[in-house]
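Take a look at the protein below and keep the 3D view open while you read. We'll go from single residues to the whole chain.

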Amino acid sequence: KEKFDQMKALKLYYSFFIEDIVPAHLTDSHAFREFMNYVRPNFNVPSRRKLARDIAVLGEEAKGAMSSLLEKVSYVATTADSWSSHNRSFLGMTVHWVDPVSLKSEKAVLGIKEILVQQRGTYLAKAMMDLHQEFGLSNKVVSTTTDNGTNYVAAFKMFAGNVEEEVISNLYNIKYICITIKNL
């Protein structure tokens with residue numbers, strides 16, 4: 001039987017919250033703490049504050065690892081989408097690339113950001129560019145795919161100096177847009 005390791009247990013505990021998107025307030029629940037104490041009395045259940053701090057640190061470490069990984073890649077494609085839920089709006093972006101060693105297709109989430117203002121083209125364009133810059137992708141993005149909502153059409157019109165003009169004129173006739181940026 002494996003000896004109990006508090007650090008390993010904490011890593012598994014944090015993975016549970018991160019991977020299953022479990023609300024942090026669960027860790028403060030009296031019933032949940034009783035259950036955890038019964039199942040594993042040696043496990044010191046962290047407070048919601050400690051859980052949030054530690055997950056933030058893990059997030060920064062993951063972001064650093066992703067940035068280091070993407071440094072080795074010459075070109076990437078991204079996707080962008082925004083949505084509203086419970087009177088809140090969000091922008092999500094993913095990144096896709098071919099691993100230069102294995103030649104396998106890879107993908108990851110670049111980020112999900114809450115949109116605190118109206119989802120206008122100028123805001124979406126800046127938010128997408130900010131995410132690209134955070135990961136050092138500004139000169140590596142060869143295309144971005146999204147739906148043809150008017151806010152995204154407006155966002156990509158901001159890039160019109162670097163975007164194929166016929167793509168812009170046909171945006172309303174297609175279900176999804178894939179903008180290819182010239183002059184990489």
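Lys-107 sits in strand S3; strands (E, at least two residues) and helices (H or I, at least four) are DSSP runs, numbered from the N terminus. With a relative accessible area of 64%, Lys-107 is exposed. Here, exposed means over 50% relative accessible area, buried means under 20%, and partly exposed is in between, using a 1.4 Å probe and protein chains only. Which residues does Lys-107 touch, not counting residues up to four places away in sequence? They are Val-95, His-96 and Trp-97, where contact means heavy atoms within 4.5 Å. Trp-97 is 10 residues from Lys-107 along the chain, and their C-alpha atoms are separated by 6.4 Å.

Before going on, a word on where this comes from. This is a predicted model, where local features need pLDDT of at least 70 and side-chain atom pairs count only at pLDDT 80 or more, while totals for chains, interfaces and linings use all residues. Residues are numbered from 1 along each chain as its sequence is written, and side-chain values use heavy atoms, with hydrogens and water left out.

Now for another lysine. Lys-140 is found in the loop between H4 and strand S4 (141-147). Is Lys-140 buried or exposed? It counts as buried because its relative accessible area is 15%. If you leave aside neighbours within four places in sequence, Lys-140 is in contact with a run of residues: Leu-70, Glu-71, Lys-72, Val-73, Ser-74, Tyr-75 and Val-76. Val-73 is 67 residues away from Lys-140 in sequence, yet the two are 8.1 Å apart in space, C-alpha to C-alpha. A polar atom of the Lys-140 side chain also lies 3.2 Å from the backbone oxygen of Glu-71.

Asp-99 is another one to find, in the loop between strand S2 (88-98) and strand S3 (105-115). Asp-99 is buried but has no salt bridge, and the nearest side chain of opposite charge, Lys-72, is 8.5 Å away. For charges, Lys and Arg count as positive and Asp and Glu as negative, while His and the chain ends are not counted. The Asp-99 side chain does reach the backbone nitrogen of Val-101, at 2.8 Å. Not counting residues up to four places away in sequence, Asp-99 touches Lys-104 and Glu-106.

On to the salt bridges. Side chains of opposite charge can pair when their charged atoms come close. A salt bridge here is a side-chain nitrogen of Lys or Arg within 4 Å of a carboxyl oxygen of Asp or Glu, and by this rule the count comes to 8. Among them are these:

| Pair | N to O distance |
|---|---|
| Asp-28 and Arg-48 | 3.7 Å |
| Lys-63 and Glu-134 | 2.8 Å |
| Glu-134 and Lys-113 | 2.9 Å |

The pair of Glu-134, in helix H4, and Lys-113, in strand S3, links distant parts of the chain, 21 residues apart. Salt bridges that share partners also join Asp-28, Arg-33 and Arg-48 into one network. As for accessibility, Lys-113 is partly exposed at 31%, and so is Glu-134 at 35%. Asp-28 is partly exposed too, with a relative accessible area of 38%, and Arg-48 counts as partly exposed at 41%.

Next, the largest pocket, which has a volume of about 1,200 Å³. Of the 36 residues that line this pocket, the closest to its centre are Ile-18, Ile-21, Ile-55, Gly-59 and Ile-112. The elements that give two or more residues to the lining are helix H1 (6-19), helix H3 (48-71), S2, S3 and helix H4 (121-134). H3 gives the largest share, 12 residues. A pocket is an open set of points on a 1 Å grid over the protein atoms alone, where a 1.4 Å probe fits, with protein on both sides within 12 Å along at least five of seven lines; lining residues have an atom within 4 Å of a point.

Finally, zoom out. The protein has 6 helices and 5 strands, following the pattern α-α-α-β-β-β-α-β-α-α-β along the sequence. Buried residues make up 33% of the 184 residues.

Technical notes. A polar contact is a pair of N or O atoms within 3.5 Å; within protein, one must be able to donate a hydrogen and the other to accept it, and residues adjacent in sequence count only if both atoms are side-chain atoms. Grid points are joined across faces, edges and corners, and a volume is the space filled by probe spheres set on the points.
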